[in-house]
Amino acid sequence: MAAVLGSCVTEDEFSNTPQGNFDALWEIVDEHYCFFGDKAAEYGLDWRECRNRYSEMLLPKMTGEQLFEVCGKMLDELRDGHVNLVAPFNTARYWDWHENYPVNFSDSLQRVYLGTDYRLTCGIKYCILPDNIGYLYVPSFEGSVGSGNLDAIFTYLRLCDGLIVDVRNNEGGLLTMAQDLAASFINEKTTVGYIAHKTGKAHDAFSAPEPVKLTPSKGMRWQKPVAVLTNRRTYSAANAFVMYMKDLPKVTVVGDRTGGGAGMPYNNELPNGWKVRFSACPTYDVHMQSTENGIEPDQHCDMLAPDFAKGEDTIIEMARELLNK
Amino acid sequence: MLAPMLSVMAQERESATMFGVSGVTQWDTYLSNERYHGGGLTVASQISRPTHWMQRRLYVQHLTQGNLAIAEPRSDKHKTINGFFHWQVGWQYHLLGVRSEELGVRSEKWELNVGGGVQTRLGFVYNTLGGNNPASARVAVNLIAMGQVRRHFNLWHKPFTAALQADVPLTGLFFTPDYGQSYYEIFSLGHGKHNVQMVNPFRAFQANVMLTLDCRLKARTALRVGYQGQFMQSHANGLKTQDFYNNVLIGFVRYM
């Protein structure tokens, strides 16, 4: 009886002090972050050492802004674009995955190709280029796209000789929307990657990776050559979309390496209410390789200044050339 | 031997409808490490009637209840919205019913009912923190032990009934994600493993306690006021949850 009455589920709470908030942040990441092993192998990340180093910067009377700076710098050690600390006055982020690289996208140039009478559904812009190549720009996977919308798109583009799917500057959103779009390019149930999750607090406690299988769309499906355009800001769910598409026949990935972001992010919070975001569920490609650091394109291509001066997008032009062969 | 002591009042069918306000403590480490506190509303229906079995000493009791609550952490920066539907059916044996005359005290009577039943819960907790872990489902089917003590007495020339009932899940099954598993994996990809766990009262004690006082206004109608504590918690797959509702109830009882 005593055992029953004593079986109340409890856990100590961190105090709402600089030290308490710092400890809460460190522990949330320590117990839930999914890439410690990869980061340790890649550049020697030692999360416990980070705690020791940054906790020395704490002061009992420090301001919220000072605490935010210390916490943000500690999170930077993870080198992960899915890791954020969100306070009312600022958002700590790690954006080196695209800020240190060429932009490889210009909405001014895109306007040259799209014109002004392009079609638009669910945020997806599409048109037919003069050489009978379809152009589909997906700026985000936030929200959802219905089978009716995709049917409308592919019906409009059905007579094109090839299709460009441009996911440059697409920083992600819902994996389900990325899957719905990718399902329009397969004809049978296809394994396009793997996903796992943490099974406990230990850094190496993971479930066995299970396959991510796409079921072909019940609507119209694209059967002709496809070029998927990428840049370093192709991230998260858009990175997953490229991962799904890369190994499909008739698909060529053109542009720059994607930004990565292969960990599905979760949220948690600190005692003071600051929101913490972190990668929680690792995903892998069909070869069981992590795409956290991006996916290399089949045809690497950067936008060139002379082309820009001519009003041409080098990456779109390379894709057109490939599709017109 | 006990049959003559069977309470006359307890042989009635009772149908109680109750409304209440709740004080809520909500904690789910899948969503947040912080505890949330807040308030909500509840509505409940409790129907109790004798069966024809065991010389009408066996009662069947249905409890159907809905809860809706909003809670905040100590920072007040975020919110959870919690909703529960609770249904249970139990059979209680009228173990002891002492007539007042036999105790020599007019109009007083004690009852003791014990039994068991089945309890189901369906609910959700939505946290405004968002992300890929914005909500958590609550689904449980339990076998419960039930115990009830009732006392009938007169006060100010009106008959009153005070009752204390406790229901405790002994075993059962409940749904929980794995430690870091996303609902996307479970429902979109169909990767469901370790998602159904056994209820273990020695690891996470749960109880539903209701204390009520009924005052008969008319021959077949009583006013009910009461307190209910719904203490639900779990500890499985490295995740901890607590959903504590302290409800103040008011309602009416119909005797048929």
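Of the 256 residues in chain B, 54% are buried (under 20% relative accessible area; over 50% is exposed and anything in between partly exposed, with a 1.4 Å probe and protein chains only). The model is predicted, so local features need pLDDT of at least 70 and side-chain atom pairs count only at pLDDT 80 or more, while totals for chains, interfaces and linings use all residues. Residues are numbered from 1 along each chain as its sequence is written, chains are lettered from A and ligands numbered from 1 in the order in which they are written, and side-chain values use heavy atoms, leaving out hydrogens and water.

Chain B has two helices and eleven strands, where helices (H or I, at least four residues) and strands (E, at least two) are DSSP runs numbered from the N terminus. Read from the N terminus, the order is β-β-β-β-α-β-β-β-α-β-β-β-β. Along the principal axes, the C-alpha atoms of chain B fill a box of roughly 65 × 35 × 25 Å. Among contacts in chain B (heavy atoms within 4.5 Å) with a separation of 6 or more, 65% join residues 24 or more positions apart.

B:Gln92 gives a local view. This residue sits in strand E4 (residues 80-98) of chain B and counts as buried because its relative accessible area is 3%. Apart from neighbours within four places in sequence, the residues that B:Gln92 touches are B:Arg57, B:Leu58, B:Tyr59, B:Gln61, B:Asn113, B:Val114, B:Gly115, B:Met146, B:Gln148 and B:Gln165.

Next, the charged pairs. Side chains of opposite charge can pair when their charged atoms come close. A salt bridge here is a side-chain nitrogen of Lys or Arg within 4 Å of a carboxyl oxygen of Asp or Glu. Over all chains the structure holds 24. One of them joins B:Glu111 to B:Lys109, with the closest N and O atoms 3.1 Å apart. B:Glu111 is buried at 3% relative accessibility, and B:Lys109 is buried at 6%. Both belong to a network of salt bridges that also links B:Glu14, B:Arg150, B:Asp214 and B:Arg224.

Now the contact with chain A. Chain B brings 41 residues to it and chain A brings 42. The buried area, meaning the accessible area (1.4 Å probe) that two parts lose on being put together, summed over both, is about 3500 Å², with carbon and sulfur atoms giving 51%. A:Val9, A:Tyr266 and A:Glu269 supply 20% of what chain A buries against chain B, more than any other three residues.

Between the two chains there is one salt bridge. B:Arg35 and A:Glu13 form this pair, at 3.9 Å from N to O. Polar contacts (N or O atoms within 3.5 Å, one able to donate a hydrogen and the other to accept it within protein, with residues adjacent in sequence counting only if both atoms are side-chain atoms) join 19 residue pairs across the interface, both residues at pLDDT 80 or more. Elements of chain A that give two or more residues to its side include helix H2 (18-32), helix H9 (175-182) and strand E11 (263-269). E11(A) gives the most, with six residues. The side of chain A that touches chain B has 20 nonpolar, 14 polar and eight charged residues, counting Ala, Val, Leu, Ile, Met, Phe, Trp, Tyr, Cys and Pro as nonpolar, Asp, Glu, Lys and Arg as charged, and the others, Gly among them, as polar.
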